[in-house]
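Hi,

Here is the structure I promised to pass on.

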Amino acid sequence: MRAVMRKNLIAVAIGVLATAGSLLAFDYWLDRLIARQSQEEINTSAKRAISLAEARVRDAVGAIDELIKRGVDGCAPAQIDLMRHAVFETTPIKEVSVLAADGQVLCTNLGPPAAGRKILSSEPLGAAGGYTLDVIELGNGDRAVRLGRKAGANGNSAAAIVPAILFLPQVSTKGGPFNAYAAMTTRSGALIGDVGRPNAREAASGFLARQHSNELGFNVVIAMPPGLIAVNGDDLKWLGTFVWALMVTILFGFTLLTRRRQPHNPIAEIERALAAGEFVPFYQPVIDIQSGKLRGAEVLVRWRKPDGTLISPAAFIPLAESSGLILEMTRDLMRRVCAEAGEVIGRRPELKISFNLAARLFRDQSIVGDVRSIFSPSAMQLSQVVLELTEREPIENFTETRQVIAALQGIGVRIAIDDVGTGHSGLSYMLKLGVDVIKIDKVFIDAIGTDRNSAAIVETLVDLARNMRMDVVAEGVETFEQVKHLRDLGIRLAQGYVFAPPLPGGSFLQLVKALDPRPAVSEQKAAGPALSYLSARNRFSAA
Ligand code: C2E
Ligand code: CA
Ligand code: CA
């Protein structure tokens, strides 16, 4: 009981650990997934910001080049018209202006120059021919990029203004609001613009992406605080399904595991006990009631639990039969009998040992080889072995069963039919199967003295057996009254509590030796006269 409880506790502990382990692993996996997605998202954002900036600059530069090609180098109405046209045509350009050599704004596409502008930084753009890049602050405080170059011989420049905000990511890669910090700088490191709130602590513990433009020399930095990743709805749904499936799998697996390990699974218990050698043979003596001599024994299995308790076969044989474990159990029992009693029985050829064999074992020829290989190495002769056909269900395939019986008889084994007169066993079975021995059930033995019909049935059975040269064994004989009746009916062999119950191996062997003390084999060889005496006696008792 305590062992069972301990096993249950261990199973529960393993279950809890397995579940906790899986959850931790899942949590770790989820963290890694979010980290990877966050990093991927800001990497993509950074790349997009750079290519966007490159496209904006290309558009602006293209528009200015076109204006200069068309001769825009001053503020004539026709030139202002062309400038308006360019702003209208080129999306990112907010304003086109003409600047004097000293940088003063002469005019814009809107006419006069706007007031309140500040130049924050100025540097050559680099790759694109002759362009200057200024970062300016507009009147409203917004930043913008101004790209301009010399327009003509008068020293004036044409320039396009692109709002800084157009160089920065506005939305997340999944289309939601952009919730990170992003900053774009020029080649020299001047800030073009930024979005979001810079937060050094968050940036340090979060995710960071940098991207550089070879074409413009721009750099973009994007920092995302941890836990801000916008995992989209599909991902969450997928995750939910995954978590659910994982839980179900764990629960289901765990249930199966504990089921299989449950000590209450009786078939598994029988299997375990079989491996542990807990099924042991007991021997019930069979007596010649005419001469009073011991003629052998019927082997009856007992389940001896580790604590010493004995379980009777009725409690486990039906399950062993239906589960198919009966074959191994029977073979194991035969091996044990050989090991335990082989020598003592082998030296007394008049003794027969009978084994109970489920009817289903007579369906397969392989039992013939099994029996031969188990008894061959033993001192016990195959002619001393009796196999009792015990059938709890009607025999399905008569032809096969009869063939196996014949094959067993062919190797010298004798076949008995058990419990004759009850259940499916009957006269027709006896006649058709060609057995050597019939065992008359206790029910008839009990009724012999009292019930005329029973006595008549037993009489008929005995007559029939005699005609067919079969031996008869009376089972379950409990009184001397019954012994007397059986003797009167001409029955020779009987077993029952009146003589002895099924005995453990040690007790049975002691009884055998006490009833028939013989010298050991080595002494026998030396003692010639004793041998001839014994042989003569054997011949006598066999008659
Ligand atoms: P069975 O083959 O008919 O065995 C006789 C049963 O009657 C045995 O019960 C035995 O202990 C009991 N018995 C013997 N003398 C008396 C008596 O005077 N009075 C009463 N009331 N009972 C007596 P057990 O040992 O409990 O075995 C029960 C059944 O289990 C056996 O019936 C047999 O069918 C089956 N069995 C036992 N061992 C094996 C085995 O190794 N293999 C198979 N397949 N079946 C087995
Ligand atoms: Ca039997
Ligand atoms: Ca029986």
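**Pockets and a helix**

At least two lining residues of the second largest pocket come from each of strand 12, strand 14, strand 15 (385-390), strand 16, strand 17 (437-440), helix 12 (452-467), strand 18 (471-474) and helix 16 (528-542). Keep in mind that this is a predicted model.

The volume of that second largest pocket comes out at about 690 Å³. It is lined by 30 residues, and Arg-295, Arg-414, Asp-471, Val-472 and Leu-493 sit closest to its centre. By type, the lining splits into 15 nonpolar, 10 charged and 5 polar residues.

Now the largest pocket, which holds about 830 Å³ of space. Here 34 residues make up the lining, with Glu-298, Leu-300, Pro-313, Asn-356 and Asp-418 closest to the centre. Two or more lining residues come from each of strand 12, helix 6 (317-323), helix 7, strand 14 and strand 16 (414-420). Strand 12 is the top contributor, with 5 residues. The lining of the largest pocket has 16 nonpolar, 8 polar and 10 charged residues.

One more thing to look at is helix 14 (residues 505-515), where Gly-505, Phe-508, Leu-509 and Val-512 are buried. Viewed down the axis of helix 14, the buried residues fall within an arc of 95°, so they line one face of the helix. Gln-510 and Ala-514, on the other side, are exposed. And what do the buried residues of helix 14 pack against? Their partners are strand 11 (279-288), strand 12 (294-304), helix 7 (326-346), strand 14 (352-358) and strand 20 (503-504).

Cheers

Notes:
Residues are numbered from 1 along each chain as its sequence is written. Chains are lettered from A and ligands numbered from 1 in the order in which they are written. This is a predicted model: local features need pLDDT of at least 70, side-chain atom pairs count only at pLDDT 80 or more; totals for chains, interfaces and linings use all residues. Side-chain values use heavy atoms; hydrogens and water are left out. Buried means under 20% relative accessible area, exposed over 50%, partly exposed in between (1.4 Å probe, protein chains only). Helices (H or I, at least four residues) and strands (E, at least two) are DSSP runs, numbered from the N terminus. The arc is that of the directions from the helix axis to the C-beta atoms. Contact means heavy atoms within 4.5 Å. On a 1 Å grid over the protein atoms alone, a cavity is a set of points where a 1.4 Å probe fits but cannot get out, and a pocket is an open set with protein on both sides within 12 Å along at least five of seven lines; lining residues have an atom within 4 Å of a point. Grid points are joined across faces, edges and corners, and a volume is the space filled by probe spheres set on the points. Ala, Val, Leu, Ile, Met, Phe, Trp, Tyr, Cys and Pro count as nonpolar, Asp, Glu, Lys and Arg as charged, and the others, Gly among them, as polar.
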